[in-house]
Amino acid sequence: MSAQLAFDALADPVRRAILTVLAERDECSVNELVDQIDSVGRTGVSNHLRILRHAGLVTERKAGRFCFYSIDPAGPARDVIAMLQELFRGALSDAVEAADRTAATDTTLRRA
C-alpha cells in the first residue's frame, strides 16, 4: 500500500471521522461506527471502511458474523504520520526563525 492511497483516503471527512472513532475506541464493529457517524448510513460507513481497508489504514477482524475494525499501526498510516511530522517539524522551524527575525527587527526599530 502506498502513502498516496492513504492520503487519498484521508481526504474525505467521513473517513477521518471513522478513523477518529477507531483511534478513541481501538476497535469497533460496523454497527458501533454507524452509531457514532451520523452523516452517512450503514452502507456509507461500510463503503468508507472498504476504502480505508484498501488504503491499508484499517484492519478487519472477523468474529462469527461480525466484523471489527481497528487502525492498522503497521500500514501506510505510519508513513503518513512520519511524513506529516517531518513537514510540521520543518514548518515549525521556519516559524521560529521568522519570529526571531521579527523580534530582532522590532528591537532594532525601537532603538532607532
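Which residues is Leu 57 in contact with, leaving aside its neighbours within four places in sequence? I looked this up to get started, taking contact as heavy atoms within 4.5 Å. Leu 57 is in contact with Ala 6, Ala 9, Leu 10, Leu 19, Leu 52, Ser 70, Ile 71, Asp 72, Pro 76 and Ala 77, once those neighbours are set aside.

**Ground rules.** I am reading a predicted model, in which local features need pLDDT of at least 70 and side-chain atom pairs count only at pLDDT 80 or more, while totals for chains, interfaces and linings use all residues. Residues are numbered from 1 along each chain as its sequence is written, and side-chain values use heavy atoms, with hydrogens and water left out.

**The sheet.** I took helices (H or I, at least four residues) and strands (E, at least two) as DSSP runs, numbered from the N terminus. Two strands pair if DSSP finds at least two bridges between them. I found an open sheet of 3 strands in the order E1-E3-E2, with antiparallel pairing. E1 and E2 stand at the edges with a single partner strand each, so one side of each has no neighbour in the sheet.

I then followed the pairs. E1 (residues 28-29) is joined to E3 (residues 66-71) over 2 bridges, and Cys 28 stands opposite Tyr 69. E2 (residues 58-63) is joined to E3 by 6 bridges; here Tyr 69 is the bridge partner of Glu 60. E2 and E3 form a hairpin with 2 residues between them, and Gly 64 in the turn has a positive phi of about 65°.

I call a residue buried under 20% relative accessible area, exposed over 50% and partly exposed in between (1.4 Å probe, protein chains only). Cys 28 counts as buried, at 0% relative accessibility. Ser 29 is buried too, with a relative accessible area of 10%. Ser 29 touches Cys 67 and Phe 68, not counting residues up to four places away in sequence.

How many disulfides does the structure hold? I found 0, a disulfide being a pair of cysteine sulfur atoms within 2.5 Å. Cys 28 is in no disulfide, and its nearest cysteine sulfur, that of Cys 67, is 13 Å away.

**Helices.** I compared directions using axes, which are lines fitted to C-alpha atoms (for helices, over the stretch in contact), with angles from 0 to 180 degrees between N-to-C directions. H2 (residues 13-25) lies across E1, E2 and E3, at about 90° to E3. H4 (residues 42-54) lies across E2 and E3, at about 115° to E2.

In H1 (residues 3-10), the buried residues are Ala 3, Ala 6 and Ala 9. They line one face of the helix, because they fall within an arc of 120° seen down its axis, going by directions from the axis to the C-beta atoms.

**The core.** A nonpolar core is a set of buried Ala, Val, Leu, Ile, Met, Phe, Trp, Tyr and Cys residues joined through side-chain atoms within 4.5 Å. The largest has 21 residues, of which Ile 18, Leu 22, Leu 33, Val 45, Leu 49, Leu 52 and Leu 57 touch the most other members. H1, H2, H3 (30-36), H4 and H5 (76-111) each give two or more residues to this core, and H2 gives the most, with 5.
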